[in-house]
Amino acid sequence: MFSVSSTFVLAFVALQAAQPPTTAPPTALPRQSGDARETTLTLPHALRKGETAWLLVEVGAIDSNQIQLMTQDGHPLGTISPYGVRSGQAAGTYTVPVPAEDLVDGRIALRMSVIQSGQAQRAPTTAEVKSLRLLIRRFKSQPSTGANP
């Protein structure tokens, strides 16, 4: 007889509905307030046709907490909610799309908060959010076959 064991890791990134952007200027210096960590990330170059911006977020051990991502002016980008990760282990790396309207001069001013027990918020530590990168991905259009999918 043999036994089969497998571990499933599920992660959900809840995307928020778009809201009209405000004109608040982004802060250029990373800083941490009581309820959020703020930083500004810059694209490697201006977005071209067919390109989209993405946040690449490396998350450490956060147990059953969630990481909320939003622009500095409060526009929600999404929430990272790892499920199935063992307590004390890194949650992994997540990609979150960045709407073009949230970029100002090729930059995004980002606020990150840890949601504990569904309500209390605090700034994530550097062990919880290990790294952040702003990437550009180019997507090739699908060839038209003449039929609807």
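In what order do the 3 strands of the open sheet lie? In this predicted model, the strands are arranged as β7-β4-β10, and their pairing is antiparallel. The edge positions are taken by β7 (92-98) and β10 (129-138), each of which pairs on one side only. On average, neighbouring strands of this sheet are turned by 25° against each other, direction ignored. The pairing of β4 (residues 51-59) with β7 is antiparallel and extends over 7 bridges. Among the residues involved, Val 59 has Gly 92 in β7 as its bridge partner.

Glu 38 is located in strand β3 (residues 37-42). Its relative accessibility is 8%, and Glu 38 is therefore classed as buried, the cut-off being under 20%. The side chain of Glu 38 takes part in polar contacts with two side chains: that of Gln 72, at 3.5 Å, and that of Arg 111, at 2.4 Å.

Positive phi values in residues other than glycine were computed for Asp 63 and Asp 105. Asp 63, with phi near 50°, lies in the loop between β4 and β5 (66-71). The relative accessible area of Asp 63 is 46%, so this residue is partly exposed. Asp 105, with phi near 55°, is placed in the loop between β7 and β8 (107-116). For Asp 105 the relative accessible area is 70%, and this residue therefore counts as exposed, for which the cut-off is over 50%.

Notes
Residues numbered from 1 in each chain as written. Predicted model: local features only at pLDDT ≥ 70, side-chain atom pairs only at ≥ 80, totals over all residues. Heavy atoms only, no water. Pairing = 2+ DSSP bridges. Helix = DSSP H or I, 4+ residues; strand = E, 2+ residues; numbered from the N terminus. Axes fitted to C-alpha atoms, helices over the stretch in contact; angles between N-to-C directions. Buried < 20%, exposed > 50% of the residue type's maximum accessible area, 1.4 Å probe, protein only. Polar contact = N/O pair within 3.5 Å; in protein donor to acceptor, adjacent residues only side chain to side chain.
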